[in-house]
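I opened the model today to look up ligand surroundings and helix packing. My entries follow in the order in which I made them.

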Amino acid sequence: MAQVKITPDMEFVRELQCAGGESLKKCFQCATCSVACPVAPANNPYPRKEMVWASWGLKEKLRTDIDLWLCHNCGNCADLCPRGARPADMMSAARNMVYKDLTQPSIIGKWMSSAKGLPILFAIPAILWMLVWWIRTGFNDGQWFPRAADGRIVFGQVFYGDYTIDPIFMITFFGACFILYRGVMRLFELFKPEGKLLIIGKTKPWFMHVYDVIVEEIITHKKFSDCGEDKENRKTAHMALFYSFVVLAFVTAVVAAGHWGGKVIPAIKLETPMPLIFPVKILANIGMLMLLFGLAALTLRRMKLNPKYQASSFYDWYLLGIIWAVAVTGMLSQCFRLMDAIKPAFVVYYFHLVFVWMLFAYLPWSKLGHFVYRTAALVYVRMYGRS
Ligand code: SF4
Ligand code: SF4
């Protein structure tokens, strides 16, 4: 009989345990989790096989496993595991480790993996926006808290859109998109070891699969429903957060079009700050309320998790924390501006810019990157099937 030599990577096992899969050694491979998973396919289901690979230290098996990305982290498997091995957390920890390598430069992924990296992650945009503020004082007669000519508080007086906010965020956003694109290409390379994939007949062009995934899975969050009715609150919270991002992205696009397009077509020019009853402003505030609702629901859910079955990692808290920081500073800066409290308004707005930059610039290394990698994996599975 042919023998297969297994070389366990014990360092990888230790890293995986530190990253959130600390209970994986409790697994006695009963397969209850694979039966309990509502979204795993009948053919070679997950997450039992991943638990075996993890406890044996088979790093390459896990790195090239497309199923890691198909798991929706619902926790059904962990609820039913008789050993408290927390398979959902192990899947999540393994994903975090894989995409730490996928996304370059990996030093940022290292900083993002624990609270120890937070000071440097914060310091980078804090220095950047402080430099902008300092340089702009030169254009405002040395004033750090200048008023517009008509006496109003206008944030653009310091953080001037055309030369600071717009170019900095454009470079940040497209830079993050490029890094994610490179990461997705690397992920596809990982999925391609010889004989792993079964290509099923003729398939549609890739963009049609992207369209199908967006329409059938992302817009409806259908897989969350497949995870069972008791997980419906999680689906509602995720959808509120997702659609709040859609609304706020739409508002940003309208404001940018009004600002830049208005230079060419004066009829579509949009002045900021907008009055509270202006439709675009109303939409922005609706988006903000949806964001707060989704955030509160997800934060409560995380706080209520029973650590015996599922725990929250730094990645989970980082993402929730940074979105909270963006939302709270966004609302507070608006309130201070309306109250005509100029110093708090500018200081809070400065922190708002720091947190928004952190959200976008570190997106490829954060848990939000899962969204992109999972979507890519779902498209890949639809194109090529899975062995
Ligand atoms: S993780 Fe739990 S349910 Fe899954 S195989 Fe191991 S012991 Fe069984
Ligand atoms: S967390 Fe949910 S989707 Fe992921 S393996 Fe467990 S049951 Fe399946």
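Which residues come nearest to ligand 2? I find Cys37, Cys71, Cys74, Cys77 and Ala88 nearest, out of 16 residues around ligand 2, where a residue is near a molecule or strand if its C-beta atom, placed from the backbone, lies within 6 Å of it.

Before going on, I note that this is a predicted model, in which local features need pLDDT of at least 70 and side-chain atom pairs count only at pLDDT 80 or more, while totals for chains, interfaces and linings use all residues. Residues are numbered from 1 along each chain as its sequence is written, and chains are lettered from A and ligands numbered from 1 in the order in which they are written.

Entry on ligand 2, continued. Helix 6 (76–80) and helix 7 (87–102) are the elements that give two or more residues to the shell around ligand 2, and helix 7 gives the most, with 3 residues; helices (H or I, at least four residues) and strands (E, at least two) are DSSP runs numbered from the N terminus. I sorted the shell by class and got 12 nonpolar, 4 polar and no charged residues, with Ala, Val, Leu, Ile, Met, Phe, Trp, Tyr, Cys and Pro counted as nonpolar, Asp, Glu, Lys and Arg as charged, and the others, Gly among them, as polar.

Entry on ligand 1. I looked up the shell here as well and found 13 residues, the closest being Cys27, Cys30, Thr32, Cys33 and Cys81. Helix 2 (32–36) and helix 3 (48–56) are the elements that give two or more residues to it. By class, the shell around ligand 1 holds 9 nonpolar, 2 polar and 2 charged residues.

Entry on the whole protein. I read 17 helices and 0 strands. The radius of gyration of the protein is 23 Å, close to the 21 Å of the globule rule for 387 residues, so the protein is as compact as a globular protein of that length; the radius is taken over C-alpha atoms, and the rule is 2.2 Å times the number of residues to the power 0.38.

Entry on helices 15 and 16. Helix 15 (residues 314–338) packs on helix 16 (residues 342–361) at an angle of about 155°, with the axes 8 Å apart; axes are lines fitted to C-alpha atoms, for helices over the stretch in contact, and angles run from 0 to 180 degrees between N-to-C directions. The two helices are therefore roughly antiparallel, given that angles under 35 degrees count as roughly parallel, over 145 as roughly antiparallel, 65 to 115 as roughly perpendicular and the rest as oblique. Among the residues that make the contact are Ile322 and Phe336 of helix 15 and Pro344 and Leu359 of helix 16, where contact requires C-beta atoms, placed from the backbone, within 7 Å. The contact of helix 15 with helix 16 has 15 nonpolar, 4 polar and 1 charged residues.

Entry on helices 11 and 17. The axes of helix 11 (residues 206–218) and helix 17 (residues 368–384) come within 9 Å and cross at roughly 120°, which makes helix 11 oblique to helix 17. In the contact, residues including Trp206 and Glu217 of helix 11 meet residues including Thr375 and Arg382 of helix 17, and the contact divides into 7 nonpolar, 2 polar and 3 charged residues.

Methods:
Contact = placed C-beta atoms within 7 Å.
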